[in-house]
Amino acid sequence: MTTAPLIEARDLTKTYVTSEPYTAVKGIDFEVRPGEAFGVLGANGAGKSSTMRMIACVSPVTSGTLRILGMDAARDGERIRARLGVVPQDDTLDTELTVRENLLIYGRYFGIPWKALRERCDQLLAFSRLEDKGSQAVSTLSGGMRRRLTIARALINQPEILLLDEPTTGLDPQARHLLWERLFQLKEDGVTLLLTTHYMDEAEQLCDRLVVMDAGKIVAEGSPADLIERHSTREVLELRFAAHERQLMIDKCAGVTERVEVLPDRLVLYTGDGESTLAAVHALGVRPAGAFVRRSTLEDVFLTLTGRSLVE
Amino acid sequence: MSELTLRPGRAFSMVERNLLIYRHTWPVLLAEIFEPMMYLLAFGVGIGVLVGNVPGLADTTVSFPRFVAPALLATAAMNGAMNETTFNMYAKLATEKTYQAILTTPMSSRAVALGEVTWALLRGTIVSTTFLVAVSLIGLTGTWTALLVVPAALLIGATFASLGLVVVTLLRSWQDTQLIQLVMLPMFLFSTTFFPLSVYPKPVQWLVEALPLYHSIELVRACFLGTGWRHALIAIAYLVVLGLAALLVAVRRLDRTLRT
């Protein structure tokens, strides 16, 4: 792709000045291109939210450069924010207003005329499947509905970039799928999506390209398929053992494949062919309580890169 | 998007937000009008029967209710503005995260601060006008300058709303809001609300004269009674300087609180 990036970060750093100064983002570089869905994958505390808050121009950049829509985040915050949609991690809906009023007043903060707002409100309530909730108090909505309303609110100014900080954390599977479907729709409509998540399935489902963050740094970048190919094997064999012979069995498996990860609850063997590895393990006299062959996922990429699993 | 250019009037959307909310909760304003009326009836009229005219004033014909009414109006203007920018704003700042959401839009901390102060003024105008009409109806106003009470109340509201903005950035928890009451109540009782300055010994007089509510009361009283204009000018200067200084400090502190 040769188009100019919508977001461009160079040596981007965030230090919080408190009694104990803390550097949450340690000099990261990345680019987000027009129309793509770009993910930031990482465990809690990796620096994802700090990065998002800097891009949203609500948190000042400590050092490095951050250019968004061709403007400087440090100088043109107000003008950049006018063209962004932000879905924060915390629920920040205005509880003193009804569902519809939340959209209307938020639009007023952008200076959109009332007449245009009323029309857009109807469209957005329909888009977020909240048509019949307009006059209700925000507190009566379910978690999934509140998230959809927050997304609708973020779309009131027809943003070119939508920032989503852990959009489905805390939602049940059905609510997540409905949300993903809406996000796909937005992507189809040409909105550039930038989202953070610690769910690998979400990253695989939604993201064209992603970066993996760990302890304030970017440790890998690429498409989900790319990352899996580069940092993991094609298949994975997972073995579980009875507690009393666990250590013995783990010792026996050493060297069966090039890479073996010992996790608290299971043993993970990285292999090109899971079935033949399982056969090899059996031949060594290993008797697993459970064996499971699957294809590699981003979870394995994360494990390879950081030595930790994503959701702990 | 051309409709999203930066207009200075953006702060007014904060007022629009509050107007939407008050469509549902307007009876709150009634309580604010009734409170000074209750004080006026209990202290002004009730105790006024015992007191008669107020001793120690240049004009010895001023009845006690006429002395107390402007003080209560100044206090109402103060309380209305302070409540709006301390209690109500702290809820939005700490618990509801309303401002965090607002600042992801092109709104600046300054627009938020100015918007909330404007809203506090608007409420204050409604309360002070209603109170003025009420005391006029029971015959406590005697001069046309009493009309100046409304702009005076506006100035008082602006100053205390700005002071409240500074206070709200200093609060660490809900417990801290108790400290506000600890300052406000004695100030209400002793800022020449119920008796003239001359009753205090000299050192206490100096202390009282330093209080913003004292000057607010003197200003409203001058308009209400039509005398004491020299003092009213001092009060105006005092309130303008204090209000502007507070607003400058508040906007800076609010920006630092909200944009971490």
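Student: Which residues of chain A does UniProt list for "domain: ABC transporter"?
Tutor: Residues 7-240 of chain A, according to UniProt, in an unreviewed entry. Keep in mind that the model is predicted.

Student: How much helix and strand is in residues 7-240 of chain A?
Tutor: That span is 35% helix and 29% strand. Its end C-alpha atoms are 44 Å apart.

Student: And the domain assignment, what does it give for chain A?
Tutor: Domain 1 covers 7-222 and domain 2 covers 233-295. The C-alpha centres of domain 1 and domain 2 of chain A lie 40 Å apart.

Student: Which parts of chain B are listed as "transmembrane region"?
Tutor: The unreviewed UniProt entry lists 39-58, 117-140, 146-170, 182-200 and 232-251 of chain B.

Student: Take residues 39-58 of chain B. How far apart are the end C-alpha atoms?
Tutor: They lie 25 Å apart. The span is 65% helix, with 0% strand.

Student: What about residues 232-251 of chain B?
Tutor: That span is 100% helix and 0% strand. Its end C-alpha atoms lie 28 Å apart.

Student: Now the interface. How many residues does the contact take from chain B and from chain A?
Tutor: Chain B gives 29 residues and chain A gives 34. About 2900 Å² is buried between the two chains. Carbon and sulfur atoms give 54% of that area.

Student: How many salt bridges cross between chain B and chain A?
Tutor: The rule finds 5. One salt bridge pairs A:Glu101 with B:Arg23. Their closest N and O atoms are 3.1 Å apart.

Student: Which elements of chain B give two or more residues to the side that touches chain A?
Tutor: Helix 1 (12-25) and helix 4 (98-102) of chain B. Helix 1 of chain B supplies the largest share, 8 residues.

Student: How do the residues on that side of chain B divide into nonpolar, polar and charged?
Tutor: The side of chain B that touches chain A has 12 nonpolar, 7 polar and 10 charged residues.

Technical notes
Residues numbered from 1 in each chain as written. Chains lettered and ligands numbered in written order. Predicted model: local features only at pLDDT ≥ 70, side-chain atom pairs only at ≥ 80, totals over all residues. Heavy atoms only, no water. Contact = heavy atoms within 4.5 Å. Buried area = accessible area lost by both parts, 1.4 Å probe. Salt bridge = Lys/Arg side-chain N within 4 Å of Asp/Glu carboxyl O. Helix = DSSP H or I, 4+ residues; strand = E, 2+ residues; numbered from the N terminus. Nonpolar A, V, L, I, M, F, W, Y, C, P; charged D, E, K, R; others polar. Domains from an automatic or database assignment. UniProt positions renumbered as here; feature names shortened; annotations may be inferred.
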